[in-house]
Amino acid sequence: MSAVIVETTRSPRPVDVETAVLDIVENALRNARFEMDAVVLRTAMSPGIREQNDAFPLIADRKGRMVAGQFGSFIDGFLSGYDGTVEEGDVFFTSDPYACDGAISHANDWLVLLPIYADGTLVGWAAMFGHMSDVGGKVPGSLPTDAVSIYEEGVIVPPVKLVRGGTLDQQLLDTVLNQVRLPNWNRADLNAVLASCRTAETRVRELCERFGLDTYLATLDLLLERNRQAMAKLFRQVVPEQPVTFEDYIDDDGRGAGPFRIRCTLWRDGDRVVLDFTGTSDQAEGSINFLLNENVLRMFFGVYTIMAVDPLIMFNDGFYPLVDVRIPEGSLLKPRRPAALSCRTHALGRLFDVLAGLLGQCQPDFLCAAGFSSSPHLMYSGLDRSGTWFQLYQIGFGGVPARPIGDGFDGHSMWPSFTNVPNEYLEAYYPLRIESYESIPDSGGAGKHRGGNGIRVGYRFLEPGEVSIHDDRWFTKPWGVLGGEPGQRGTKILERADGSQQTVPAKCDHVGVHPGDLLHFVTWGGGGWGDPLERDPEQVRHDVERGLVTVEGARRYGVVLVGDRVDDDQTRRLRAEIAANRSELPRFHRGGTVDELRARCRAETGLEPPRDPAPTRVPAQATGGTGPGSTSSAALGGQRATDARPQTTPRTPLEVLVHRIARQVTGR
């Protein structure tokens, strides 16, 4: 089953291309890609896309190979799952990861693909997917942490023609929007994504008119070939023929099991690089599975290599034939339908840590620590005092890992294009108050280069509602490298209005909050790089002055401060004492083995350790869901449930009435 491309004119002819044309087209496409971003940011409605840039554009050639963009080619996966024709004037839409071979990886990502025609010939594709703040399902925000099948996670749209021959299928759109809690947001965001693709279509057609269709297409082939040649040389420099292996973990699956291993072995066979994920854990019962499209993994690997070694290389899909990706079926990274996928962010982000560990072993000069390799989400929803439904979806930031060239950034995002939602915006549009937004001193791992600090956000809730959280690195630590120390874990503390406190799990839903309750949302720091005793004492003093390191924390670097200055004599003595009493510095400092972390878990985190995952290669069966009455692990006194079966809790008459009103307001 695959798509049939319909064209009404001749096939393109090969032509010679001048170097100047090559550079002009390359930069024009790069600018068009950023123009796509600008269109989305100016026309989307949800804060996730409009404020935080959670959308990813792509411009591809006629074969679907990316020539400009951010998230790698997913068009091939889409076309392989679509059984129909592709014609001029069509626009395609899907939110089903399984139907497009992981072109998108959970149902919240709505993907629009627009074939670009010029004079009846397919000359390329414009595509973008954006994270919708809600797509229905069992919880507001559609990211249920305890789901066991994709059917619990919201509306799933197979590959369809949203626009056929230039005409919008209004009934299809209305049917999809009828399944979500915030149809106005989804409609606006979908229109924004489509408008961005129209913008790219216009720019590509302009290039075809300026240089001619044959010249434009030949130019794309040359851009892809240039990238292939550059990456082949780069791979020969940095990837050894001898295999290297690295592994990291997802802490838990939201249902009490964990940690889950992501294991990869890397080697080079001639010009071809092999990434083999044999040894990765079986798919999880919970929703942390990541249906990893092989081209997306190639993109991750290529981007990381380029950024670490030669940032001047123009990134596109030309090098993809040089990378062989092997992912076991039924594993965490290749789950079988209908495995739950909504919280795949943690596995997606952890791949960057795994790639860092692999490439760092190949080229120690490029070795980075583990950092903020996830996107923690907070959802807060309910009815305000006027009876109006509100629903917040926000991405949190944390500590970027220390690097060979310097310290990690404090309070940054995994994705460079993500931006923080201004506190003023949150307070203006949602019934809450931001009481703190601050870097957490000492949360970054100590090292010659300091890991970036995590941040603490204090959310004071002003209306009754429910909170959902999904995060990670509460059990394992962001590891340090070459003697650097690991970063601090993330924690979530709910301080009730009566003064009582509760440790909230990193993955939980249906946590009831009331006016006056305060959530301390603490994110994790990045690991440190290099021996902390080699850090310049004056730099440590400066960190203390800026509030990034405490006076006591300075002693991790062997630095003693007296007042606002470094005591040189005491510093020399302390550093000599630390050096004499420590063992050999490890290449990777994880803060303990999994067994050691389990033994210390309750004392260090206030939560019970996750239980060992049960091995399985069989997909979870579809269920009817646990519904809004299910209890979260937060409701169990901050401990993780050991019974995977959903539990229910009786509702008071007032709660029943509130939920009936909410269903009327939201259409759910």
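**Strands, burial and overall form**

Reply: Strand β10 and strand β11 (residues 260-269) run antiparallel and are joined by 7 bridges. This is a predicted model, in which local features need pLDDT of at least 70 and side-chain atom pairs count only at pLDDT 80 or more, while totals for chains, interfaces and linings use all residues. Residues are numbered from 1 along each chain as its sequence is written, and side-chain values use heavy atoms, with hydrogens and water left out.

Me: What makes β10 and β11 a pair?

Reply: Two strands pair if DSSP finds at least two bridges between them, and 7 bridges join β10 to β11. Within this pairing, Y249 stands opposite R261 in β11.

Me: Why is strand β10 called largely enclosed?

Reply: A residue is buried when its relative accessible area is under 20% (1.4 Å probe, protein chains only). Because 6 of the 7 residues of β10 (residues 244-250) are buried, the strand is largely enclosed by the rest of the structure. Across the protein, buried residues make up 61% of the 668 residues.

Me: How do you know that the radius of gyration agrees with a compact globule?

Reply: The radius is taken over C-alpha atoms, and the globule rule is 2.2 Å times the number of residues to the power 0.38. For 668 residues a compact globule would have a radius near 26 Å, and the protein has 25 Å, so the two agree. The C-alpha trace spans about 80 × 65 × 45 Å along its principal axes.

Terms used:
Buried means under 20% relative accessible area, exposed over 50%, partly exposed in between (1.4 Å probe, protein chains only). Helices (H or I, at least four residues) and strands (E, at least two) are DSSP runs, numbered from the N terminus.
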